Every structure is written in structure tokens, then in C-alpha cells.
Amino acid sequence: MDKFIIEGGKRLEGRVRISGSKNAALPVLVSSLLADGWSTYRNIPDLADIRTIKRLLANHGAQMEGQGETLRINGGNISNCEAPYDLVRTMRASVLVLGPLVARTGKARVSLPGGCAIGARPINLHLKALEAMGAEIDLREGYVEAKAKRLKGARIYFDISTVGGTENILMAAALAKGTTRLENAAKEPEVVNLADTLEAMGAKIKGAGTDVITIEGVEGLRPCEVSVIPDRIEAGTFLIAAAVTGGDVVLEGCDTNHLDALILKLRETGITVEPVDGGLRVRGAPEIRSADVKTLPYPGFPTDLQAQIMALLAVARGSSVVTETIFENRFMHVAELRRLGADIVVDGHNAVVKGVKRLKGAPVMATDLRASASLVVAGLVAEGKTTLSRVYHIDRGYQTIEKKLTALGASIKRVRA
Ligand code: EPU
């Protein structure tokens with residue numbers, strides 16, 4: 001298992017290009033199952049999770065070819081409706097094939113994802129919505145088995161705003177008979193990217209980006225040519241990394257509108273963030289101020305940046321309260337940040353962060369994707385050497401993060417095990 005060795009204390013400076021969004025690319029690539037013929041997808045990041053979704057699509061019979069950031073997929077010839085445990089276990093987003101498989105073939109057998117490092121993460125709302133659309137759902141031997149001659153449009157209210165649930169049902173509803181109305185739908189930019197993709201395929205969708213989405217089912221969809229949005233979480237991680245090192249960095253190719261909640265929070269801590277030609281410039285402050293942070297569905301502060309901002313608040317002046325409202329167990333990074341000298345106490349959904357003057361390097365371990373990003377951020381500002389093990393977590397969602405950081409002046413090396 002690879003490790004990162006980080007020598008902290010280097011100021012980040014320069015320009016960095018933000019890659020395509022992992023969480024947008026996954027559903028967009030899955031939507032290839034909905035149409036016969038070759039679709040073209042641009043701005044696809046080169047990540048472990050993208051390789052997993054490609055394996056899953058190939059398992060269903062999809063053909064693909066591609067170079068660099070452009071991928072062509074013909075997902076229409078579905079030869080196998082089962083998403084096996086081994087792939088779903090590696091990546092929970094694999095459950096996104098459920099809706100498209102039922103809509104397209106009338107049946108699907110998809111392994112139930114288990115809990116993971118950040119929470120139980122059930123898929124009950126995906127299943128309830130498919131049932132409302134007429135699917136028969138059985139849970140057998142750890143698999144969800146879904147059947148429906150043709151899904152029917154329905155009115156669906158999501159008890160919790162769910163990104164994956166909204167995406168799954170958007171894809172299913174695109175080919176259902178009649179109109180589906182999703183209430184309390186997720187408003188995340190990744191959902192909008194998927195809706196735009198489906199529209200490019202001929203789907204009839206209104207309201208994506210709001211909490212009520214209406215989908216008028218059509219008889220068939222056609223291939224499309226689309227681009228995936230920039231990764232707002234990668235962008236946010238670089239903004240925080242630059243800020244914590246007192247750096248001066250321009251992010252190229254990110255969508256500033258998607259980062260509003262983080263930008264306002266960083267300004268509250270004294271960091272300067274401003275749009276410049278071709279990107280977004282972030283400059284550190286002589287002293288970082290404390291700030292309270294509460295994660296919420298979009299446009300609120302993203303849970304996927306909670307761990308990283310906590311690393312910044314760990315060296316702020318004063319105390320901050322970080323409240324996690326999306327996942328029940330997303331504080332695994334706290335124990336590791338404490339190994340670097342952070343003063344953080346967790347009480348239920350709150351973490352009280354008392355800023356310290358400096359963090360000191362130590363061996364730490366990544367427990368999930370965003371926790372590892374937070375440890376990289378902390379390692380960049382800690383005095384001395386931080387060794388981060390289980391880097392495979394970070395490889396799931398950050399394209400060559402060590403190369404991008406090195407180009408900005410950080411001292412970070414990958415040690416191959
Ligand atoms: N939930 C339910 N039942 C459901 C679905 C969700 O109770 O049927 C709960 C979840 O347990 C959670 C909350 O609802 O407490 C929100 O979960 P959501 O369904 O929105 O999350 P997701 O679709 O599984 C995506 C991202 C996550 C990101 C969340 C929240 C992808 C592939 N994953 O997950 O990203 O944290 O939305 O924004 O898009 C990451 O990239 O590190 C990551 C975990």
C-alpha cells in the first residue's frame with residue numbers, strides 16, 4: 001500500500017488545474033446504459049473510482065474506448081443485469097445502475113452496499129421510489145432484486161435529500177411511462193450535470209437544481225456528447241490547502257458558483273478568495289480566525305469538505321464548532337488530526353476545535369477519501385514529517401494530488417510499497 005511522505009511548512013504558490021468531478025462523472029457514465037449507441041464523455045478524471053465504474057459497465061456488457069479525459073461508451077447492449085458484491089463493495093456508487101437497469105431491461109440484481117467508514121448509508125429511499133414506480137423489490141442473499149415490466153411515473157417525496165437516490169430515480173424516470181415528480185430532490189450540481197446529460201439524450205426534465213424535479217418519461221433515449229463539470233470538492237480541497245499554508249494559488253477551470261458556501265466561510269476566517277481571469281485566486285492570511293461550520297445539502301457547506309476545513313480550523317485563532325448533519329460517523333479524521341497535535345473534541349454531531357499554534361508531523365492513517373485529504377492538508381502545515389498510509393483512499397477521488405501539490409511547491413512524495 002502506497003504512502004505519502006509530507007514535509008510540512010512549505011507555502012503553496014502557482015496555478016493548478018481542477019479535474020473533472022468524480023461524483024458527477026459516475027452517474028453520467030452510468031447513464032450510458034440508457035441508450036443504444038456510442039456516447040462521448042469529456043473531462044473524465046483519471047481515478048480509481050472511475051476505473052471501478054468502467055469495470056461495472058463492462059460487466060453489464062458496455063463497450064468502451066477512450067484516451068485521456070475523453071471516453072466513448074456504448075452501454076446499450078445490456079447482457080448482464082447483475083452488479084456483483086465485489087464491485088459494489090469497492091464503490092457504493094455502483095448502486096446507481098439499479099434504476100437504469102430496471103428501466104431498460106425490466107430487471108436488476110444489485111448487491112446491497114454495506115455500511116462504510118462514514119455511516120450506515122442505506123439505500124431505502126432509492127428502493128421506496130422504485131416501488132412507487134411499480135417495481136417489485138425483493139432482498140435476497142444480500143442482493144436487491146428489482147423487476148418491472150415498465151416503470152410508471154409517480155409522485156415521490158424523498159424523506160431525506162439524497163444525491164444518489166435523486167440520480168438513480170432521474171435515470172429510471174427518464175424511460176418510465178408517464179410523469180414522475182421528485183419532491184425534496186437533491187440540488188447538488190452533480191445532479192444537474194446528470195439531468196443535462198439525460199436531456200442531451202432526449203429526456204424531458206424540468207426543475208433540476210431545485211427541490212422539485214419533473215420528468216416526463218419518453219419511449220427511448222439516444223447517445224449524447226457531454227462534458228463533466230469541474231470537481232468542486234477537489235477545488236475546495238486546494239483552496240483550503242493553499243489557505244492553510246499562507247499561500248497564493250490560482251485554481252484554473254473550476255466553477256466558482258459551486259463553491260459559494262466554502263468561499264464565504266474562508267473569507268470569514270480571514271482568507272482572501274477572489275475570481276480572477278481564468279480562475280479563482282486564494283491568498284492566505286497572517287492569522288486564520290476561527291469559524292463555525294455546519295454541513296448541509298447543497299447549497300449548504302458540503303460534507304465532503306468538512307474534514308479538510310477542520311484541518312484549517314485546527315490552526316486558527318480561537319475555537320470553532322464543526323457540525324456534521326449529513327453522515328452519522330464522519331469524524332474518523334479527528335483521532336488522526338489529534339496525532340498531529342490538533343485539539344479537537346467530538347460530542348455527537350459536533351466537533352469542538354480549539355486552534356493550536358502549530359501542528360507537528362507524525363505517522364497517520366487515512367480512513368476514507370475526504371479524511372485522507374484532510375490529513376494531507378494538515379501535513380502541509382505541520383512542522384516536520386507526516387507519513388500518511390493507506391493512500392489508496394485518496395486515489396479514489398483526487399487525480400495525482402501529490403503531483404499537483406508538488407507543482408505548487410509542496411514537499412510530498414509517494415512511496416510505493
Ligand atoms: N440516505 C438514506 N437513505 C437512502 C439514501 C441516503 O438514509 O436511501 C441518507 C444517507 O445515509 C446520508 C444522507 O441520506 O445520511 C445523504 O446521502 P446521499 O444519498 O445524498 O449520499 P450519496 O449519494 O450516497 C453522495 C456522494 C458523497 C457525498 C454525499 C452527500 C457520490 C458518488 N457520493 O453520496 O460523496 O458525501 O452524496 O453530498 O456522489 C465522497 O465523494 O467522498 C462522498 C462520500
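1. Ser21 is placed in the loop between β2 (13–17) and α1; helices (H or I, at least four residues) and strands (E, at least two) are DSSP runs, numbered from the N terminus. The model is a predicted one, in which local features need pLDDT of at least 70 and side-chain atom pairs count only at pLDDT 80 or more, while totals for chains, interfaces and linings use all residues. Residues are numbered from 1 along each chain as its sequence is written, and side-chain values use heavy atoms, with hydrogens and water left out.

2. With a relative accessible area of 1%, Ser21 is buried. Buried stands for under 20% relative accessible area, exposed for over 50%, and partly exposed for values in between (1.4 Å probe, protein chains only). The Ser21 side chain reaches the backbone nitrogen of Ala24 at 2.9 Å. A polar contact is a pair of N or O atoms within 3.5 Å; within protein, one must be able to donate a hydrogen and the other to accept it, and residues adjacent in sequence count only if both atoms are side-chain atoms.

3. The shell around the ligand holds 23 residues, of which Asn124, Leu125, Thr162, Asp304 and Ile326 come nearest; a residue is near if one of its heavy atoms lies within 4 Å of the molecule. The shell divides into 11 nonpolar, 7 polar and 5 charged residues. Here Ala, Val, Leu, Ile, Met, Phe, Trp, Tyr, Cys and Pro count as nonpolar, Asp, Glu, Lys and Arg as charged, and the others, Gly among them, as polar.

4. A backbone N or O atom of Pro122 lies 3.3 Å from a ligand nitrogen atom. A polar backbone atom of Val163 is 2.7 Å from a ligand oxygen atom, and a backbone N or O atom of Gly164 lies 2.7 Å from an oxygen atom of the ligand. On its own the ligand has 830 Å² of accessible area, and the protein covers 86% of this (Shrake-Rupley method, 1.4 Å probe). Two or more residues of the shell come from each of α1 (22–30), α5 (124–132), α6 (163–174) and α12 (369–381).

5. Helix α8 (residues 232–244) has 13 residues and spans 18 Å from its first C-alpha to its last, close to the 18 Å expected at 1.5 Å a residue; the expected span is 1.5 Å times one less than the number of residues. Of its 13 residues, 13 are buried. Asp231 caps the N-terminal end, with a side-chain oxygen 2.9 Å from the backbone nitrogen of Ile233. Just after α8, Gly246 takes a positive phi of about 70°.

6. β1 pairs in the antiparallel sense with β24 (residues 411–415) over 5 bridges; two strands pair if DSSP finds at least two bridges between them. Lys3 has Val415 in β24 as its bridge partner. Another 5 bridges join β1 to β23 (residues 385–389), also antiparallel, and there Ile6 is partnered by Thr386.

7. An open sheet of 4 strands has the order β6-β7-β9-β8 with mixed pairing. β6 (82–83) and β8 (136–140) stand at the edges with a single partner strand each, so one side of each is left without a neighbour in the sheet. β7 (residues 107–111) and β9 (residues 143–147) pair in the antiparallel sense over 5 bridges, with Ala108 opposite Ala146 in β9.
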